[in-house]
Amino acid sequence: MALRSSFTFPRSTFFHQHSQSTYASSRFFVSILLPKPTSLTCIHESHKDMHLAPSFTKRNLNFTLLLTMFLWAQPVPLPNMGDALLLAQELELQRYTDSNQGFTLLTPSSWAKVDKAGATVLFEEQNMGSNNIGVVVSPVRLKSLEEFGTPQFVADKLLQAEKRKESTKEAELITVAERSGEGGLQIYEFEYKVDSTRGGMKRIFSAAFVASKKLYLLNIAHSDKPESPLDPHKRIILEQVLHSFDAAA
């Protein structure tokens with residue numbers, strides 16, 4: 001899976017929103033793509049970060065080697081499918097596919113699937129519901145994201161929209177990337193941080209693609225406060241979820 005990154009030195013925001021609202025930040029993006037306004041939902045909340053307990057079992061040694069490789073080699077893709085499967089097993093990720101809507105992604109096996117108005121599917125971390133993974137599928141007139149603009153152009157528009165929100169104190173874009181998905185499908189990826197009056201600092205990973213005149217939006221939200229920053233283990237899990245988002249074969 002080739003990944004082309006356009007590293008952007010100002011950092012920003014893609015689809016962030018607080019747990020009591022309905023995907024308002026996604027709506028900023030969708031509003032410039034959809035023929036009519038659409039209600040979307042995405043949820044975030046703070047939590048105490050999990051840390052890896054030191055252990056020298058064979059399982060944890062395998063994970064440590066993979067963790068080291070990913071920390072120093074991101075966003076270089078895994079060398080082969082066997083390593084990808086091993087990493088998914090070590091990170092306790094499972095495949096979720098919605099054949100009706102036509103998308104697939106990996107999700108943490110311990111996160112619960114919940115119903116939420118406006119979301120096609122939503123997964124929440126246990127006891128930390130605002131740490132979540134959400135997908136929204138909506139009809140559009142476009143045949144591809146390229147018809148709308150480059151990844152950087154889209155990121156700039158999203159950042160401007162995020163900064164206009166009253167609740168946003170600061171928004172920083174970290175990376176913008178483009179990769180090829182199923183059948184050469186064009187997929188945009190964004191990572192950003194948002195500090196808001198609704199939940200504090202958040203780390204957001206987002207991906208988008210257009211297929212069959214539908215816009216597919218993935219939004220991954222996780223607390224990233226200075227006193228409890230996103231740890232490397234959890235970051236790798238979220239990045240693998242991000243990179244797994246694709247059209248269903």
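Okay, P226: at 70% relative accessibility it counts as exposed, where exposed means over 50% relative accessible area, buried means under 20%, and partly exposed is in between, using a 1.4 Å probe and protein chains only. You'll find P226 in the loop between strand 10 (214–223) and helix 5 (232–244). Helices (H or I, at least four residues) and strands (E, at least two) are DSSP runs here, numbered from the N terminus.

A bit of housekeeping. This is a predicted model, where local features need pLDDT of at least 70, side-chain atom pairs count only at pLDDT 80 or more, and totals for chains, interfaces and linings use all residues. Residues are numbered from 1 along each chain as its sequence is written, and side-chain values use heavy atoms, with hydrogens and water left out.

So what does the chain's pLDDT average? That's the predictor's confidence in each residue, from 0 to 100, and the average is 75, with 64% of the residues scoring at least 70. Where pLDDT is low, the predicted coordinates should not be read in detail.

Now the overall picture. The chain has five helices and eleven strands, and of its 249 residues, 53% are buried. If you take the contacts with a separation of 6 or more, 66% of them join residues 24 or more positions apart.

Let's go to strand 10. Nine of its ten residues are buried, so strand 10 is largely enclosed by the rest of the structure. Which strands does it pair with? Two strands pair if DSSP finds at least two bridges between them. Strand 6 (128–139) pairs with strand 10 in the antiparallel sense over eight bridges, and I133 stands opposite I220 there. Strand 9 (200–211) pairs with strand 10 too, antiparallel, over ten bridges, with V210 opposite L215.

Strands 9 and 10 form a hairpin with two residues between them, and S212 in the turn has a positive phi of about 55 degrees. K213, in the loop between strand 9 and strand 10, has a positive phi as well, near 60 degrees. K213 is partly exposed, at a relative accessible area of 44%. Over in the loop between strand 5 and strand 6 sits N127, not a glycine, yet with a positive phi of about 65 degrees. At 82% relative accessibility, N127 counts as exposed. For background, most residues other than glycine have a negative phi.

Strands 2 and 3 pair over six bridges, and L93 has P108 in strand 3 as its bridge partner.

What about the inside? A nonpolar core here is a set of buried Ala, Val, Leu, Ile, Met, Phe, Trp, Tyr and Cys residues joined through side-chain atoms within 4.5 Å. The largest one has 28 residues, and F103, F209, L218 and F245 touch the most other members. Helix 5 gives the largest share of this core, five residues. Apart from it lies another core, of 18 residues, among them V140, V176, L215 and L217.

Last stop, S196, in strand 8 (residues 186–196). Is S196 buried or exposed? At 3% relative accessibility, S196 counts as buried. A polar atom of its side chain lies 3.1 Å from the backbone nitrogen of R198.

Note on methods. A polar contact is a pair of N or O atoms within 3.5 Å; within protein, one must be able to donate a hydrogen and the other to accept it, and residues adjacent in sequence count only if both atoms are side-chain atoms. Contact means heavy atoms within 4.5 Å.
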